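Good morning, colleagues. Please look at the sequence and the structure on the screen, and I shall then take you through some helix contacts.

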Amino acid sequence: LLYFIFQLLYLNQTDKSWYFDLGFMDERTGFDIRNFWPYESDLTASRWRYYTIGIISAARVVIVSIFLCTIIGIFVGVFRLSRNTLLSKLSEAYVELFRNMPLLVQLFFWYTAVLLAMPRLDEAIDLWGWIYISNRAVVLPRIVIDSMLLLVLAIIQIVGTRLYTRYLDRDGVDDSPEGLRKRAVLWAVALIVFGTMLKFALSLERPELVKPNPIAWGTWHYEGGMPLTLQFLGIMIGLTIYTSVQVAEIVRGSI
């Protein structure tokens, strides 16, 4: 909208035909965005492609940050009301520190002072061969769907069990010893079946550090797994912490 407004203001002074469009968005960008999740781009992609990537990037980091900041904020807000002086003061210091620090400063701090200071790729922190942490990326195991049918059936099975228990409770919950025992057996069987189906429907792909040329610079890379870039992690951590203090104050005030 701003683009159209300013273009009209400019064309009104230079071109009375007022011709304007978004044709420039079909042009090639001439640069690449190197990110592995969940999109790909190349030098031939149009500006529309990168506009879409921007929307996806913003949405995914916001969704993750909302989930994490809600959990952290609830705990910090409750801890501030604790009778434990140490816990209460630590929570208060957390809120006062990050609430009064501008978000942009926090984003630069987490990215430059923390993430970029992590070990190099050849000295990456290896957690049991499943997680690698370095100043290039944090690589996690990737969930691979081996059977979509089994995954759908597992979800249907657990949802069906929940609906069946609600049907049994239509006239009230049977809290007798026999009723509770039947409920426990029903859910135990349902969870065992659910876990078994997930075992065959999903698998974890372990990341592997590949060294095609150990003495050449820039040839090491990861195969498999799900890399999280430092840029994504920096924004996610900054947004999560900055917003969690707002959630903490809302929770504390509400209580």
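This is a predicted model: local features need pLDDT of at least 70, side-chain atom pairs count only at pLDDT 80 or more; totals for chains, interfaces and linings use all residues.

Thr 161 has a relative accessibility of 10%, and because buried means under 20%, Thr 161 counts as buried. Setting aside neighbours within four places in sequence, Thr 161 is in contact with Leu 186, Trp 187 and Ala 190.

These partners bring us to the pairing of two helices. Helix α5 spans residues 148–168 and helix α6 spans residues 177–201; their axes come within 8 Å and cross at roughly 170°. The two helices are therefore roughly antiparallel to each other. On the α5 side, the residues that meet α6 include Leu 150, Ala 154, Ile 158, Thr 161 and Thr 165. On the α6 side, among them are Arg 183, Leu 186, Trp 187, Ala 190, Phe 194 and Met 197. By class, the contact of α5 with α6 comprises 17 nonpolar, three polar and two charged residues.

I turn now to a second pair. The axes of helix α2, residues 47–79, and helix α3, residues 85–99, come within 8 Å and cross at roughly 130°. That angle makes α2 oblique to α3. The crossing of α2 and α3 is left-handed. From α2, the contact is made by Ile 72, Val 76 and Phe 79; from α3, by Leu 87, Ser 88, Ser 91, Tyr 94 and Val 95. In the contact of α2 with α3, six residues are nonpolar, two are polar and none is charged.

Key
Residues are numbered from 1 along each chain as its sequence is written. Side-chain values use heavy atoms; hydrogens and water are left out. Axes are lines fitted to C-alpha atoms, for helices over the stretch in contact, and angles run from 0 to 180 degrees between N-to-C directions. Helices (H or I, at least four residues) and strands (E, at least two) are DSSP runs, numbered from the N terminus. Angles under 35 degrees count as roughly parallel, over 145 as roughly antiparallel, 65 to 115 as roughly perpendicular and the rest as oblique. Contact means heavy atoms within 4.5 Å. Ala, Val, Leu, Ile, Met, Phe, Trp, Tyr, Cys and Pro count as nonpolar, Asp, Glu, Lys and Arg as charged, and the others, Gly among them, as polar. A crossing is left-handed if the near helix is turned anticlockwise from the far one by less than a right angle, and right-handed if clockwise. Buried means under 20% relative accessible area, exposed over 50%, partly exposed in between (1.4 Å probe, protein chains only).
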